[in-house]
Amino acid sequence: MITLSSYLMISLALFLSGLVVMISRKNIIAILLGIELILNAAALNFVAYTRFVNDNIEGHIMSLFIIVIAAAEAAVGLGIVIRFFQMRESIHIDDAAQLQS
């Protein structure tokens, strides 16, 4: 039988892998992928706690909001990356730091 701790361990693995990807990569698309993994870990936590602790629908609604936010973030982020690639012909985060001035 799958318990709450099983869900939390999977969520921890998702969160840590997303964090490692965000810290170690210089590619903007890989950083967006890390953010997606972290958001999926949060959604899994909401669903797991809803199922095992209070058995209502609020956690499922919050996870749906997280999924919608993740989809919007991916759409806007990829639009920015495509425009940045058209300008600089690179998707490395170090080149994006030069856009501040």
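User: How are α2 and α3 oriented to each other, roughly parallel or roughly antiparallel?

Analyst: In this predicted model, α2 and α3 are roughly antiparallel to each other. Two packed helices are described by the angle between their axes and by the distance between those axes. Here α2 and α3 pack at about 175°, with their axes 8 Å apart, and because angles over 145 degrees count as roughly antiparallel, the pair falls in that class. By class, the contact of α2 with α3 has 16 nonpolar, 5 polar and 3 charged residues.

User: What span should helix α3 have, given its 31 residues?

Analyst: At 1.5 Å a residue, helix α3, which covers residues 58-88, should span 45 Å, and its end C-alpha atoms are 44 Å apart, which agrees. Just after α3, Glu-89 takes a positive phi of about 55°.

User: Which residues of α3 are buried, and what do they pack against?

Analyst: The buried residues include Gly-59, Ile-66, Gly-77, Val-81 and Phe-84, and the buried residues of α3 pack against α2 (28-54) and α4 (93-96). Val-81, for instance, counts as buried because its relative accessibility is 6%, and, leaving aside residues up to four places away in sequence, Val-81 touches Ile-28, Ile-29, Leu-32 and Ile-91.

Notes
Residues numbered from 1 in each chain as written. Predicted model: local features only at pLDDT ≥ 70, side-chain atom pairs only at ≥ 80, totals over all residues. Heavy atoms only, no water. Helix = DSSP H or I, 4+ residues; strand = E, 2+ residues; numbered from the N terminus. Expected span 1.5 Å × (residues − 1). Buried < 20%, exposed > 50% of the residue type's maximum accessible area, 1.4 Å probe, protein only. Contact = heavy atoms within 4.5 Å. Axes fitted to C-alpha atoms, helices over the stretch in contact; angles between N-to-C directions. Parallel < 35°, antiparallel > 145°, perpendicular 65-115°, else oblique. Nonpolar A, V, L, I, M, F, W, Y, C, P; charged D, E, K, R; others polar.
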